[in-house]
Amino acid sequence: MPDRLRAGRALVAGLAILARSAGCATVPTSGSVHYGRAVSPVGGNLDDADVRALPPGPRSEASIEDTIRGFLRASANVDDNHAIARQFLTPKASALWRPDGPVTVYDARSAEVAAVGDSADSWVLAADRQAEIGVDGGYTLTPGRLAAPFRVLRTAEGYRLAAVPPGLILTSVDITNSYRSVNTYFLDPTRTVVVPDHVLLLATQPGLATAMVRALLNGPTRWLAPAVVTAFPAGTRLLANVTRGADGVVDVNLSRPVIGGDAQGLSAQLVWTLRQLTEVSGVRLLVEGQPLPVPGGSQGVQRRNDWPSYDPDVLSRPVSRFFVAEGRLRSPDTTLSGPVGTGAAPLTAPAIAPGGDLVAGLVRSGRRSALYVAPITGRPRVRLIATALTAPSIDRNGTVWTVALDRHPRVVTISGSGPPTTVDARALFALGPVQALRVARDGTRVAAVVGPRGAGRLVVGVLVRHGSRPLTLASLRAPAPRLSGVVDISWADSHRLAVLARPAGAAARFPSYVEYDGSGDPTAVSTAGLPAELEEMAAAPGAALLVASGGEVWSSSGRGWTSLGPGTDPAYPG
């Protein structure tokens, strides 16, 4: 499992404050506070709540500002339908308040509470707004200024709030203390691979495992929903809390509609979701208390390592490294005997399919560029010609992706022997020139670098399929607005990108790991020991980062860098 989801009794401390910069005003940005990606599972039967300190209630001698701040602080406690926070409200305001809407996240360090003009009862909380948590648990970065209005009333018990904004207004520290960061898993449109969907769940009863299953049954977040499917039929409900036996096997008791679903697919979704809890050894699927047969699965219990074929990060092991040297594709891990490997058909910017059986690359001739595709040991043939082409990438279905930079730029896919197909990417090109594009190995998401050369920024979108209509790249978000001058990107795994860019305040470019949804601060990789500024890089699940620097290709060893020899264009499968 990804180390970002290691379990621990307490949520990882040390919150990384989100960027306050808004980035491009025309790009929706998204992301979340940094939790160290820890899941805080509960013990026993997975239904125990964590021990949390209760916030204080209102005081009769408190000032208006203290009353508003006390309400905001108490709002983070959801016990008994926010009973403590409601003590700060008048009875009428308590009846009207709806805390179950979206959650606005703000930076407490910037917060000011002040009266509106000369008014005695109209007050406002002004602060740096950071993000919003949707009702689906999705987290979206929304940098800007927050102005939350409050109306105050003097009562015999002290000041009370007669009107408050809808939903919750919480600090980033409140989010860390009150929510848990997990993935629910859905299926790609071919139903052959699971796709992670990052959500934030309240750390309350009836337990994390139960909350995870309910989130799974509720469906994907609004952002990811157009790109994935679920094997659970509509109307499927969880009939009881998820319980765990002494052997670590959890019982998931579902309602009768689940019988009409794809038992194998929904089992894979459940196992991949619940295996994030280290104490879960397996999942027993029940329908109204009776075992649900699962074709192709273990008898009775689906073990935590079942359904490996659904792994979105699956690559042949060991993962082979590739780069270009003296006009030929080289690998220190395997012998390449075909025309591409011998140099008889020299290619630049190589892309290798996740299965290692297909290669694509570029050839520049005069004022035109050509995209060649071939079996890894076969002879390449031209599949696309344009004024310029971005470096290709290949998803797990063997579809090759590139951007044709003609007078009218377009995103193009090539699958099998069929003709090139244009993707509807108008939303992407509206952001500026596209310098690079990489498809996730699962084929549901795309990352791109947009903007002037040397001053690009990272955006991520989902791929929407509309039956016979063209594939659409939509819902673009900027997960790393603090990284500037992005020049290269690579999918490190199903939830992280490696980004070659300048971190905030840095003069040189560094590789950084970025969560696809922007959660957490980018994690920079040291380039100490490399001879020159980096030009290109490549990443893969569980593999060392590859970079090109000073005419050589280098591999990160964890303690430094090791030279693989002269070359350029480092690449991994996918």
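Modeller: Let me begin with D442, which is buried, its relative accessible area being 2%. Please keep in mind that this is a predicted model.

Biologist: Which side chain does D442 meet in a salt bridge?

Modeller: The partner of D442 is R445, and their salt bridge has an N to O distance of 2.5 Å.

Biologist: And R445, is that one buried or exposed?

Modeller: R445 has a relative accessible area of 0%, and because buried means under 20%, R445 counts as buried.

Biologist: Why would such side chains pair at all?

Modeller: In general, side chains that carry opposite charges can pair when their charged atoms come close.

Biologist: Okay, switching topic: how many salt bridges does the structure hold?

Modeller: There are 13 salt bridges in the structure, and one of them joins the side chains of R256 and E288, at 3.2 Å from N to O.

Biologist: Where do R256 and E288 sit in the chain?

Modeller: They link distant parts of the chain, 32 residues apart: R256 lies in the loop between β9 (249–254) and α6 (263–274), while E288 lies in the loop between β10 (282–287) and β11 (290–291).

Biologist: How accessible are R256 and E288?

Modeller: R256 is partly exposed at 48% relative accessibility, and E288 is partly exposed at 43%.

Biologist: What about D406, which side chain does it meet?

Modeller: D406 forms a salt bridge with R410, at 2.9 Å from N to O; D406 is partly exposed with a relative accessible area of 22%, and R410 is partly exposed with 25%.

Technical notes: Residues numbered from 1 in each chain as written. Predicted model: local features only at pLDDT ≥ 70, side-chain atom pairs only at ≥ 80, totals over all residues. Heavy atoms only, no water. Salt bridge = Lys/Arg side-chain N within 4 Å of Asp/Glu carboxyl O. Helix = DSSP H or I, 4+ residues; strand = E, 2+ residues; numbered from the N terminus. Buried < 20%, exposed > 50% of the residue type's maximum accessible area, 1.4 Å probe, protein only.
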